[in-house]
Amino acid sequence: MIDKNKFYHGDELPGKSDRKKMWKGIEDNLRVEKKRFFKTTLDTRSFVYGMAFTIIVSIFVLAAVRFVPGIVYDNKSEDVKINRAYSKAAEELERSIPNFISTLDKSERTRELLDVRLEELNYINDAINQYKNTLRQSDLTKIKQERLLELYQMKIDAINKIIQLKGDSWL
Amino acid sequence: MPKEILIEKALEGNQKAYKELFDKYVNNLYRYLRQFSSDSDRVQEWVQKAFIKAFKNLETFHGNSSFATWLFKIAINEMRTDFRNSSNKIHEEFEENFYADEYFTNGEFEWQDEMKCLLNDLDEMKKNIFILYEVEGYKHNEIAEILDISESLSKTNLHRTKKILQDKWFKMRGQHD
């Protein structure tokens, strides 16, 4: 092996200023990399955390939309529950009216009575819709709920009267 | 501080540790690369780029080879890239013309200081192998890793290089005698 000190000459070594210059270049580059690291990596991290947060929040919102109404409903007053039950029952009965009407006899008397009953039903439906529009979801005032209940009861009575037309028509 | 600790600290982003590693290896690396160019600015650039690249890829250094081997490999690649980009072809020696069996047999190679200028006439590969083996003390397997060649190529080239140097030196001496 050749002696390094014999092979290399003294002037082939970097001087102090050369070493300083080289290190400065390296240091500046590392600094840029650090900034880029913070910018890129942090940006990437921010994005990932942001996405994760959005997903978690979305899950919570979906869960809230799914479960809270049920919970809120369960916590509502009995009046509201009864109103809803009446509303559902009335809608079910109302859905069956067209088929029922087709089974009635076509006598003039029956038709006249049917027209009156249908007009009455429409009048009650208008009243219900008007009242519901003025009544906000969160408005659980007992008096207002009771009034709505009366309207649903009137609607069911009106439908019952239409159904009774079948019995009358046999007369 | 041992270099393993320095590397560990450097990996954590400790710039002082970077600086210590730089101080430890810069002289060796610089004077090695200086054999391939007399332009000191150019050599400084190679050294700088080598350290920057080494620091950027420090996490890929797994200690399979020595840090110096790894650093030399990066530096030589930077040098080669620079040569390629600047179309700087080192003069290729037509060794057949200088091959002389009668002047050289295995194990008789003797370095002479005057041979250093003859090295500059050799191609970069031979020069690298010769200096890495004869001066820096690397083994052929390490040279193979640094230069990305096979061990046998390293050995063959070294053998040829010694023959060429020996022959050229004798010729040069003969001219002066």
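**A residue and its surroundings**

Me: Where is F22(B) found?
Reply: This is a predicted model. In it, F22(B) sits in helix α2 of chain B, which covers residues 15-33.

Me: Is F22(B) buried or exposed?
Reply: F22(B) counts as buried, because its relative accessibility is 0%, and the cut-off for buried is under 20%.

Me: Which residues does F22(B) touch, leaving out those up to four places away in sequence?
Reply: From chain A, F22(B) touches R19(A), M22(A), W23(A) and I26(A). From chain B, F22(B) touches F51(B).

Me: How many residues apart in sequence are F22(B) and F51(B), and what is their separation in space?
Reply: They are 29 residues apart in sequence, with a C-alpha to C-alpha separation of 7.3 Å.

Me: Which cluster of rings includes F22(B)?
Reply: Ring pairs link F22(B) with W23(A), Y18(B), F51(B) and F55(B).

Me: Staying with aromatics, how many aromatic pairs are there over all chains?
Reply: The search of the whole structure finds 16. One of them is F7(A) with Y8(A), whose ring centres are 5.1 Å apart. Their planes stand at 85°, so the pair is edge-to-face.

Me: Are F7(A) and Y8(A) buried or exposed?
Reply: F7(A) counts as buried at 0% relative accessibility. Y8(A) is buried as well, with a relative accessible area of 4%.

Me: What aromatic pair do F7(A) and W111(B) form?
Reply: F7(A) and W111(B) form a tilted pair, with 5.4 Å from centre to centre and 45° between the planes.

Me: Why does that pair join two chains?
Reply: F7(A) lies in helix α1 of chain A, while W111(B) lies in the loop between α5 (95-98) and α6 (115-119) of chain B, so the pair joins two chains. Both F7(A) and W111(B) are buried.

Me: Let us turn to the interface as a whole. How many residues does the contact take from each chain?
Reply: Chain A contributes 23 residues and chain B contributes 32 residues. Between them the chains bury about 2800 Å², and 64% of that area is on carbon and sulfur atoms.

Me: What about charged and polar links? How many salt bridges and polar contacts are there between chain A and chain B?
Reply: There are three salt bridges. Seven residue pairs are in polar contact, with both residues at pLDDT 80 or more.

Me: Which helix gives the most to the side of chain A that touches chain B?
Reply: That is α2(A), with 12 residues. By class, this side of chain A has 10 nonpolar, four polar and nine charged residues.

Me: Which residue of chain A forms a salt bridge with D41(B)?
Reply: K21(A) does, and the closest N and O atoms are 3.7 Å apart.

Me: A change of topic: where is D123(B) found, and what does its side chain reach?
Reply: D123(B) is in the loop between α6 and α7 (124-135) of chain B. Its side chain reaches the backbone nitrogen of M125(B) at 3.0 Å. D123(B) is buried, with a relative accessible area of 8%.

Me: Finally, how many helices and strands are there in chain B?
Reply: Chain B has nine helices and zero strands. Of its 177 residues, 50% count as buried. Among contacts in chain B between residues at least 6 apart in sequence, 66% join residues at least 24 apart.

Notes
Residues numbered from 1 in each chain as written. Chains lettered and ligands numbered in written order. Predicted model: local features only at pLDDT ≥ 70, side-chain atom pairs only at ≥ 80, totals over all residues. Heavy atoms only, no water. Contact = heavy atoms within 4.5 Å. Buried area = accessible area lost by both parts, 1.4 Å probe. Salt bridge = Lys/Arg side-chain N within 4 Å of Asp/Glu carboxyl O. Polar contact = N/O pair within 3.5 Å; in protein donor to acceptor, adjacent residues only side chain to side chain. Helix = DSSP H or I, 4+ residues; strand = E, 2+ residues; numbered from the N terminus. Nonpolar A, V, L, I, M, F, W, Y, C, P; charged D, E, K, R; others polar. Buried < 20%, exposed > 50% of the residue type's maximum accessible area, 1.4 Å probe, protein only. Phe/Tyr/Trp six-rings, centres within 6.5 Å; stacked < 30°, edge-to-face > 60°.
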